[in-house]
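Please look at the structure first, and then read the points below alongside it.

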Amino acid sequence: MAALWCVVPAAGRGTRVGGDLPKQYLPLAGRPLILHTLERLAAHPLIAGLMVVLGGKDEHWPGIGQLADKPVLTTLGGAERCDSVLAGLRALPAEVADEAFVLVHDAARPCVRQADIARLIERAVPAGGGLLGAPLRDTLKRAGSDGRSHTTEPRDHRWRAFTPQMFRRGELSAALLAAAVAGVTVSDEAMAMEHAGFAPLLVEGAEDNIKVTTAADFALAEFLLPRTT
Ligand code: C5P
């Protein structure tokens with residue numbers, strides 16, 4: 001299996017936790033959150049290079065060109081996550097064929113496990129593409145505007161979607177573009193693929209692959225980092 005490129009959307013403003021500093025640059029165990037994520041991806045033998053998608057006025061990117069002897073390239077993102085991912089796919093080197101599988105992984109998920117990346121690639125390549133996720137374990141409520149629970153949604157067959165997600169470069173680019181043209185804002189790559197008529201394979205991954213969003217998530221991620229290699 002040839003090694004794959006990974007697009008890392010990191011153009012979110014995400015300033016909820018840290019004031020002016022976008023969350024991907026806030027310190028986690030003493031170093032910027034995004035560095036942990038990039039190092040973990042670059043360390044994986046099946047990853048060939050990283051395409052980091054940055055925000056327009058990003059003054060914090062440390063200018064890394066290589067990690068674990070693998071190229072780290074950057075490009076400019078867009079207003080929504082899906083715009084950033086599409087920009088990242090377009091900016092990949094020409095040697096990455098349209099038929100080649102490409103991973104997409106949130107900069108804000110530093111605790112992804114090496115074994116889960118390997119399992120996603122192993123299972124989703126023969127399936128034509130897929131994503132890491134986990135079955136929903138909590139009871140799901142539909143809230144009214146009064147803040148009260150009005151109904152309970154069925155939990156069966158409901159999954160939470162994580163990253164990495166993995167699709168063919170050409171098919172994913174076309175699917176993201178088609179969703180944008182149709183005015184559908186997709187919240188992940190799998191949603192764009194579903195919109196285009198594909199059924200991405202759900203590959204169960206560890207639930208500690210958290211998306212660091214709140215101050216509490218930073219504390220949790222610090223605890224998880226050394227325990228999720
Ligand atoms: O905001 P949220 O945590 O959902 O973002 C998920 C990932 O997508 C983050 O790594 C964020 O930096 C990235 N993103 C992006 N471009 C945007 C919005 C979010 O690259 N316009």
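**Briefing on the structure**

Pro164 has its place in strand β11. The peptide bond that leads from Thr163 to Pro164 is cis, with omega near 5°. The model described here is predicted. The points below take up the sheet, a residue in a loop, and the ligand with its surroundings.

**The sheet**

- The sheet is open and is formed by 8 strands, whose pairing is mixed.
- Read across the sheet, the order of the strands is β5-β6-β4-β1-β7-β11-β8-β12.
- The edges are held by β5 (66-67) and β12 (201-204). Each of these two has a single partner strand, so one side of each is left without a neighbour in the sheet.
- In general, the strands of a sheet pair through backbone hydrogen bonds, in either a parallel or an antiparallel way.

**Strand β11 and its partners**

- Strand β11 covers residues 159-168, and strand β7 covers residues 101-104. These two strands pair in the antiparallel sense over 4 bridges.
- Within this pairing, Phe101 stands opposite Arg168 in β11.
- Strand β8, made of residues 130-135, also pairs with β11 in the antiparallel sense, over 5 bridges.
- Ala134 stands opposite Arg160 in β11.

- β5 pairs in the antiparallel sense with strand β6 (residues 70-76), over 2 bridges.
- Gln66 has Pro71 in β6 as its bridge partner.
- The loop between β5 and β6 is the place of Asp69. Although Asp69 is not a glycine, its phi is positive, at about 65°.

**The ligand and its shell**

- The space taken by the ligand is the largest pocket.
- There are 14 residues around the ligand, and those that come nearest are Pro9, Ala11, Lys23, Ser84 and Lys211.
- By type, the residues of the shell around the ligand comprise 6 nonpolar, 3 polar and 5 charged.
- Both β1 (4-10) and α2 (81-90) supply at least two residues each to the shell around the ligand.

**Polar contacts and burial of the ligand**

- From Ser84, a polar side-chain atom lies 2.7 Å from a nitrogen atom of the ligand.
- From Gly78, a polar backbone atom is 2.9 Å from a nitrogen atom of the ligand.
- From Ala10, a polar backbone atom is 3.3 Å from an oxygen atom of the ligand.
- How much of the ligand does the protein bury? The ligand taken alone exposes 460 Å², and the protein buries 83% of that area.

Technical notes
Residues numbered from 1 in each chain as written. Predicted model: local features only at pLDDT ≥ 70, side-chain atom pairs only at ≥ 80, totals over all residues. Heavy atoms only, no water. Near = heavy atom within 4 Å. Polar contact = N/O pair within 3.5 Å; in protein donor to acceptor, adjacent residues only side chain to side chain. Areas by Shrake-Rupley, 256 points an atom, 1.4 Å probe, with all protein chains shown as cover. 1 Å grid on protein atoms, 1.4 Å probe; cavity = no way out; pocket = protein on both sides within 12 Å on 5 of 7 lines; lining within 4 Å. Sits in = over half its atoms within 2 Å of the grid points. Nonpolar A, V, L, I, M, F, W, Y, C, P; charged D, E, K, R; others polar. Pairing = 2+ DSSP bridges.
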